[in-house]
Amino acid sequence: MTLRFDGRAAIVTGAASGIGRAIAELLVERGARVLINDADGGLAAKTAEALGPEAIANSAPVGTPEAARAIVAVAMAAFGRLDILVNNAGVVAPGAFDGGEDAAIERVMRINLSGPYALCRAAWPHLTETGAGRIVNLCSSAALGSGVSGPYAVSKAGLIGLTKEAATAGLQSGLRVNAVMPSAYTSMLERHPDPTFRDWMKANLRPEMVAPVVAYLASSECDLTGEILSAGGGRFSRIGLMESQGLVLHDLTPEGVRDGLSGAGKIEDGVRLDSQRDHQAAYAKVFAGYPLD
């Protein structure tokens, strides 16, 4: 059965171009009404016009609680409901880890992390009211470390934590929160210093190929929550956090850590961590009387 979004309303940030536009186009094509949010108001208006009457433009720049409340208010006034939030807007500031201007670093953190956090909070009562709200956060493999991404990597790693926390908080209300780690050629790559890499990305990893993964996670048929899916060029996969079995030494010393880590740190023998409780379970096995069981 075809996944449809008839009767559902969405906010997609950074939706005037690239991955965001591809997501908005697919949601509208499948029946959703979509708020096209983008700081480039002119481009947002053109995108909304191109997508038809089910799309409206909004140029409030994400990054503050005030902006988040205003964006959600516009969506509610236009649609009367809110079912889906896609936090896609983002900016980069590449360079040496110890370089960069303070103002540029703060801007990246504000738009990439504080903005999505504020939007999640502003949209929360409306998304939980439906009993089937969906949030999708666009993170990045830069969160795994690149050495040249600086605040971008840090902010996108923060989105993973935001996803996990919101997923746990929204579980009982039917709200599902997941993240997508996209690989796609966008305007962010236009300044990449390696033209061969740029050309390879452009040829193989079109932004439209990320949208189906986001759309699935935004659908009422998806019951996943707290997950990270990678997406790029038609390939998708599941990304998880792991913890090794560990070692218990009640008289632990620095030397004990040194000598025991080779065995205790084998990730391949570990367990998957989907929430904080999964991590705490290891301690509950060792120390009796765990209070949250």
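Visitor: At roughly what angle do the axes of helix α3 and helix α4 cross?

Guide: This is a predicted model, where local features need pLDDT of at least 70, side-chain atom pairs count only at pLDDT 80 or more, and totals for chains, interfaces and linings use all residues. Residues are numbered from 1 along each chain as its sequence is written, and side-chain values use heavy atoms, with hydrogens and water left out. Helices (DSSP H or I, at least four residues) and strands (E, at least two) are numbered from the N terminus. Axes are lines fitted to C-alpha atoms, for helices over the stretch in contact, with angles from 0 to 180 degrees between N-to-C directions. α3 (residues 65-79) and α4 (residues 102-130) have axes that come within 8 Å and cross at roughly 35°.

Visitor: Which residues of α4 make the contact with α3?

Guide: Contact means heavy atoms within 4.5 Å. From α3 come Pro65, Ala68, Arg69, Ile71, Val72 and Met76. Their partners on α4 are Ala118, Leu119, Ala122, Ala123 and His126.

Visitor: How far apart are the end C-alpha atoms of α1?

Guide: The expected span of a helix is 1.5 Å times one less than its number of residues. The 12 residues of α1 should therefore span 16 Å. That agrees with the distance between its end C-alpha atoms, 17 Å.

Visitor: Is His250 buried or exposed?

Guide: His250 sits in the loop between β9 (241-243) and α8 (254-264). Buried means under 20% relative accessible area, exposed over 50%, and partly exposed in between (1.4 Å probe, protein chains only). His250 has 68% relative accessibility, so His250 counts as exposed.

Visitor: How many Å apart in space are Ala45 and Ala55?

Guide: Ala45 belongs to helix α2. At 38% relative accessibility, Ala45 counts as partly exposed. Ala45 and Ala55 are 10 residues apart in sequence; in space, C-alpha to C-alpha, the distance is 9.4 Å.
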